[in-house]
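Okay, thanks for coming, everyone.

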Amino acid sequence: MIQTDRVELVLRNELLRLSEPFRISGHVFEASPVTVVNLRQGQIIGRGEASGVYYLRDEPSDMLRTLDSMRDRIQAGITRDELRDLLPPGGARNALDCALWELEARIAGIPAWQLAGMEKPKPLTTTFTVGADDPDVMAEKALAYTHARAIKLKLTGDVELDIARLNAVRAVRPDAWIGVDANQGYIPGTLQRLLPALVDAKVSLLEQPCRRGHERELDGVDRTVPIAADESILSLIELEERAHWFDVVNIKLDKCGGLTEGLLMATRARELGKKVMVGNMVGTSLAMAPAFLLGQFCDIVDLDGPIFLQRDRTPGVVYYDGLVDCPASVWGSPDAVL
């Protein structure tokens, strides 16, 4: 429990510029607005960053107003468990939850991973994402990821073009693990045409083919290629309701409302016999760091958000040899550089 008279809440919104436009099904990103939470207790600071969930109109401007409206309650002292009862899943809760994790860890003089009862984190193989574009362009970008062991391709639902995109990338990267992310772009008729091409190209994961709320469209679909839920499962409650339609659950801290719920979801997904994935909305290393802890429990890791930004925070997560690593100086440690 944070001491009542010693906590100061500082909020700000930032606009993160992308190096170039990034296209997915139904959306093109040129920048990523984020909300940053700082909690100060004496000389100790805990930080969190969140982008929100764009397809639910969970915008940083609203996130900031939500948190500011709770200022008195937050500064009076709030635990992570209390926060789960006070705010719904989403970006506002994520930013505050991650700030509470770091503040609590730094007050205790231990890293956040130890606070969570984990073993010391290890570098993780991460996917590197190629945005939807012309097939030749996507192949060129996939080839440019010379160190990548795993590549994720964004599809748009234009089945013939998506197949051409996939084949172009597989031709230049025969060695790589490949997953595809449809971002809700498919309906049953087009999905049936896509599936054989995924098998032929040795695709290892099909992420979110159907629209959120239309999961019944997956009834009877061939599972030769495992299907992952992203937009379909936001929180622990939705995991209970919808996991039976999927083989893999993609947990994002912005969706579920923070590391606290993310860890609960990973545990429950395992109990339900599902594989677990950690993903990200585009953000800086401050957003990747708590997700990196969750990634220690995951089968698939997609934490490449900072590589798309014009500028990341310093110090930041490190990418090498197809891996992502998060030094103690980034977040969640007494050694973190503020």
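So, helix α7 passes α8 in a right-handed crossing. Right-handed here means that the near helix is turned clockwise from the far one by less than a right angle, and left-handed means anticlockwise. Before I go on: this is a predicted model, where local features need pLDDT of at least 70 and side-chain atom pairs count only at pLDDT 80 or more, while totals for chains, interfaces and linings use all residues. Residues are numbered from 1 along each chain as its sequence is written, and side-chain values use heavy atoms, with hydrogens and water left out.

Back to the pair. α7 covers residues 159–172 and α8 covers residues 188–200; they pack at an angle of about 15°, with their axes 10 Å apart. The axes are lines fitted to C-alpha atoms, for helices over the stretch in contact, and the angles run from 0 to 180 degrees between N-to-C directions. The helices and strands themselves are DSSP runs, H or I of at least four residues for helices and E of at least two for strands, numbered from the N terminus. α7 and α8 are therefore roughly parallel to each other. For that wording, under 35 degrees is roughly parallel, over 145 roughly antiparallel, 65 to 115 roughly perpendicular, and the rest oblique.

Which residues of α7 and α8 meet? On the α7 side we have V159, E160, I163 and L166, and they meet T190, R193, L194, A197 and L198 in α8. Contact means heavy atoms within 4.5 Å, by the way. Sorted by class, the residues in this contact are 6 nonpolar, 1 polar and 2 charged. The nonpolar class is Ala, Val, Leu, Ile, Met, Phe, Trp, Tyr, Cys and Pro, the charged one is Asp, Glu, Lys and Arg, and the others, Gly among them, are polar.

α7 has another partner, helix α6, residues 135–144; those two pack at about 35°, with axes 8 Å apart. Here too, α6 passes α7 in a right-handed crossing. From α6 the contact uses P135, M138, A139, A142 and L143, and from α7 it uses L161, A164, R165, A168, V169 and V172. That contact has 10 nonpolar residues, no polar ones and 1 charged.

Now for another arrangement. Helix α4 (residues 91–108) and helix α11 (residues 259–271) have axes that come within 8 Å and cross at roughly 95°. That makes α4 roughly perpendicular to α11. R93, N94, D97, C98 and W101 of α4 touch L259, T260, E261 and L263 of α11.

Let's go inside. In soluble globular proteins, nonpolar side chains tend to be buried together. The largest nonpolar core in this model has 80 residues, and those with the most contacts inside it are L153, L194, L198, L206, L294 and W331. Helix α12, residues 285–295, gives the largest share of this core, 8 residues. There is also a second, separate core of 19 residues, which includes L9, L11, L83 and A95. A core like this is a set of buried Ala, Val, Leu, Ile, Met, Phe, Trp, Tyr and Cys residues joined through side-chain atoms within 4.5 Å. Buried means under 20% relative accessible area, exposed means over 50%, and partly exposed is in between, using a 1.4 Å probe and protein chains only.

Take L206: leaving aside neighbours within four places in sequence, its contacts include L194 and L198. G179 is 27 residues from L206 in sequence, but their C-alpha atoms are 6.1 Å apart. G179 lies in strand β7, residues 177–181, and at 1% relative accessibility G179 counts as buried.

Most residues other than glycine have a negative phi, and most peptide bonds are trans. N183, in the loop between β7 and α8, has a positive phi, near 45°. Is N183 buried or exposed? Buried, at 7% relative accessibility. D321 also has a positive phi, near 50°, but D321 is partly exposed, at 45%. And the peptide bond from T314 to P315 is cis, with omega near 0°; P315 lies in the loop between β12 (300–301) and β13 (318–320).
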